Amino acid sequence: MQLKSAEGLYTSAQLLEGFNPFDRLGFTVTRDFAVFRQFSKDGGPVPASLEIRKAQADHDTDLAEALKRFLGEVRRPLLGIMGGHAAKRGGLAFADIAHLARTLSEEGYLIVTGGGPGIMEAAHLGVAFSKNDASDLEKALAKLGKYPSYGNLDGLFDHDGTVKREKIADVEKARDWLQSALEVRSYAPPILPLSVAIPTWL
C-alpha cells in the first residue's frame, strides 16, 4: 500500500473497508490493517528511510489540517479519554467508561481518544449510544462482553510484512472481536454522534 496525501479525516467505514467476517484472515484485509502493516514494514516508530519519513510527514500534515477544519466546524469543547488497551470488554472499567462517555457526549462534549481498544473503545461506544435509550448501551455491552479481547498481536509480522503462521489464531480472534463490534454498531443510530480517534500506531 502506497502512502498518499490524505483528503480529509478518515471515517470508520473507510478504515474498515474490505473486512470479511467469513475469511479467517478477514481482519487483515481492512484498510486500517493495511496501514498498520505498511507502518510496520516502514520501520514502525523509527522510519527506515528519509523518503518514508517525508511521506509520513506529508500525510500527517494533511490530516492535521483536516482536523483543524473539522474542529472549527464542530465548535464543541473537547474532552480526551486515554486509557490502557488491557481493559477488557465485559469488565467494570470498560462499562464505567462507556457510561461516562455517553453522559459527557449528551452534555455536549466532543470525545477524543487515541483510537485504541480497551478504555478508548469503551469511550467511543458510549458516544455511539448517547442518543439511544440506556438499555441499548447495556445490550451492546453484553454482546461485546462475549468477545473480551482481540488476542495478542505483538510481533505479528515477518520481515516481508506477512502475518506469521503462529499468529493466525490471534488474527482469527481479532476478526471475531471486530465482527462483534460491527454487529453492535447495528443497535446504534445509522448516523452516529461524533467522536474522534487520533491513533499513533504505537
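This is a predicted model: local features need pLDDT of at least 70, side-chain atom pairs count only at pLDDT 80 or more; totals for chains, interfaces and linings use all residues.

Me: Which residues of H4 and H6 meet?

Reply: On the side of H4 they are Phe 94, Ala 95, Ala 98, His 99 and Arg 102, and on the side of H6 they are Ala 134, Leu 137, Glu 138, Leu 141 and Leu 144. Sorted by class, this contact of H4 with H6 holds seven nonpolar, one polar and two charged residues.

Me: At what angle do the axes of H4 and H5 cross?

Reply: Helix H4 covers residues 92-106 and helix H5 covers residues 119-128; their axes cross at roughly 40 degrees and come within 7 Å. H4 and H5 are therefore oblique to each other. Here too the handedness can be read: H4 passes H5 in a right-handed crossing.

Me: Which residues bring H4 and H5 together?

Reply: Ala 93, Phe 94, Ile 97, Ala 98, Ala 101, Arg 102 and Ser 105 of H4 meet Ile 119, Glu 121, Ala 122, Ala 123, Leu 125, Gly 126 and Val 127 of H5. The residues of the contact of H4 with H5 comprise 10 nonpolar, two polar and two charged ones.

Me: How do helices H6 and H7 pack?

Reply: Helix H6 (residues 134-144) and helix H7 (residues 168-185) pack at about 165 degrees, and their axes lie 9 Å apart. That angle makes H6 roughly antiparallel to H7. The crossing of H6 and H7 is right-handed. The contact involves Ala 140, Lys 143 and Leu 144 from H6, with Ser 180, Ala 181, Glu 183 and Val 184 from H7. Four nonpolar, one polar and two charged residues make up the contact of H6 with H7.

Me: Which residues are buried in helix H2?

Reply: In helix H2, residues 31-41, the buried residues are Phe 33, Gln 38 and Phe 39. What covers the buried residues of H2 includes helix H3, residues 50-74.

Me: What can the backbone angle phi tell me?

Reply: Most residues other than glycine have a negative phi. Arg 75 has a positive phi of about 50 degrees although it is not a glycine. Arg 75 lies in the loop between H3 and strand S1, residues 78-80, and at 70% relative accessibility Arg 75 counts as exposed. A glycine with a positive phi is Gly 43, which follows H2 and has a value near 115 degrees.

Me: Where is Ile 198 found, and which residues does Ile 198 touch?

Reply: Ile 198 is in the segment after strand S3, residues 196-197. With a relative accessible area of 41%, Ile 198 is partly exposed. Not counting residues up to four places away in sequence, Ile 198 touches Leu 67, Val 112, Thr 113, Gly 114 and Gly 115.

Me: How many helices and strands does the protein chain have?

Reply: The protein chain has seven helices and three strands. Their order from the N terminus is α-α-α-β-α-β-α-α-α-β.

Me: What is the radius of gyration of the protein chain?

Reply: The protein chain has a radius of gyration of 17 Å, which agrees with the value near 17 Å for a compact globule with 202 residues. Along the principal axes, the C-alpha atoms fill a box of roughly 50 × 40 × 25 Å. Buried residues make up 37% of the 202 residues. Among contacts in the protein chain with a separation of 6 or more, 75% are between residues 24 or more positions apart.

How values were computed:
Residues are numbered from 1 along each chain as its sequence is written. Side-chain values use heavy atoms; hydrogens and water are left out. Axes are lines fitted to C-alpha atoms, for helices over the stretch in contact, and angles run from 0 to 180 degrees between N-to-C directions. Helices (H or I, at least four residues) and strands (E, at least two) are DSSP runs, numbered from the N terminus. Angles under 35 degrees count as roughly parallel, over 145 as roughly antiparallel, 65 to 115 as roughly perpendicular and the rest as oblique. A crossing is left-handed if the near helix is turned anticlockwise from the far one by less than a right angle, and right-handed if clockwise. Contact means heavy atoms within 4.5 Å. Ala, Val, Leu, Ile, Met, Phe, Trp, Tyr, Cys and Pro count as nonpolar, Asp, Glu, Lys and Arg as charged, and the others, Gly among them, as polar. The radius of gyration is taken over C-alpha atoms; the globule rule is 2.2 Å times the number of residues to the power 0.38. Buried means under 20% relative accessible area, exposed over 50%, partly exposed in between (1.4 Å probe, protein chains only).
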